Amino acid sequence: MLAVITNASVKLVNRYLPSSFVFSIILTLIAFAAGLILTGQDILAMSGHWGNGLWSLHGFAMQMALILITGYALANAPFMQRFLDAMASKVHSPKAAIIIVTLVAMAGALINWGFGLVISAVFARSLAKKVAEVDYPLLVAAAYSGFLVWHSGLSGSIPLALSSGGDTLEQLSGSVLS
């Protein structure tokens, strides 16, 4: 019964739910129209704001892409795969699998959030193949629970910004620290 409901829901969503690109276009048009109405600017000025805003995100988007790509490359490197397979071969119970994937995810996220994201997924997949009785959705949730600590690690945005000192530190602390 549950499988029938699930399959019907999937068919319904696949047939009638637009892609995320359509949603982004609709939201862009809504924001554009709201900007025209609320600010009183003309179409050319709003187009200029949109274009300048979009391209100002290019540097940030490139940084995030590089973090994910390097995290993926490191997590899928042969020496890392051997290490993860060796660790997974020592785990035999579902409880141990949940605990060890959480610890690996936390260690990876402390090093770098992109690395933690990828290594936790790769290790969870490896554990799911080795430990047959493990609850896979719980294993995936445990893998991503490592992100509870990423911000205190080496790639935390606020600690990195604060460590640079100067105006950034003073502005972020409300002039309490200088």
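A residue counts as exposed when its relative accessible area is over 50%, as buried when under 20%, and as partly exposed in between. The views below are taken from a predicted model.

**View 1. Nonpolar surface patch that includes Leu27 of helix α2**. Leu27 has a relative accessible area of 55% and is therefore exposed. The residue belongs to α2, which spans residues 20–39. Together with Val22, Ile26 and Ile30, Leu27 makes a nonpolar surface patch of about 350 Å².

**View 2. Largest nonpolar core**. This core has 22 residues, and those touching the most other members are Leu84, Ala97, Val101, Phe123, Leu127 and Leu139. At least two core residues come from each of four helices: α5 (78–89), α6 (94–111), α7 (113–130) and α8 (136–144). The most is given by α7, with 7 residues. In soluble globular proteins, nonpolar side chains tend to be buried together.

**View 3. Surroundings of the core residue Val101**. Neighbours within four places in sequence are left aside here. Beyond them, Val101 contacts Ser120, Phe123, Ala124 and Leu127, and also Leu139, Ala142 and Ala143. Among these contacts, Phe123, Leu127 and Leu139 are, like Val101, listed with the core members that touch the most others.

**View 4. Aromatic pair of Tyr144 and Phe147**. A search of the whole structure gives 1 aromatic pair. The ring centres of Tyr144 and Phe147 lie 6.5 Å apart and the ring planes meet at 20 degrees, so the pair is stacked. Tyr144 is partly exposed at 37% relative accessibility. Phe147, with a relative accessible area of 21%, is also partly exposed.

Notes: Residues are numbered from 1 along each chain as its sequence is written. This is a predicted model: local features need pLDDT of at least 70, side-chain atom pairs count only at pLDDT 80 or more; totals for chains, interfaces and linings use all residues. Side-chain values use heavy atoms; hydrogens and water are left out. A nonpolar core is a set of buried Ala, Val, Leu, Ile, Met, Phe, Trp, Tyr and Cys residues joined through side-chain atoms within 4.5 Å. Buried means under 20% relative accessible area, exposed over 50%, partly exposed in between (1.4 Å probe, protein chains only). Contact means heavy atoms within 4.5 Å. Rings of Phe, Tyr and Trp (its six-membered ring) pair if their centres lie within 6.5 Å; planes under 30 degrees apart count as stacked, over 60 as edge-to-face and the rest as tilted. Patches are made of residues with over 30% relative accessible area and no salt bridge: like charges are joined within 9 Å, nonpolar side chains (Val, Leu, Ile, Met, Phe, Trp, Tyr) within 5 Å. Accessible areas come from the Shrake-Rupley method with a 1.4 Å probe; for residues, only the protein chains shown count as cover. A salt bridge is a side-chain nitrogen of Lys or Arg within 4 Å of a carboxyl oxygen of Asp or Glu.
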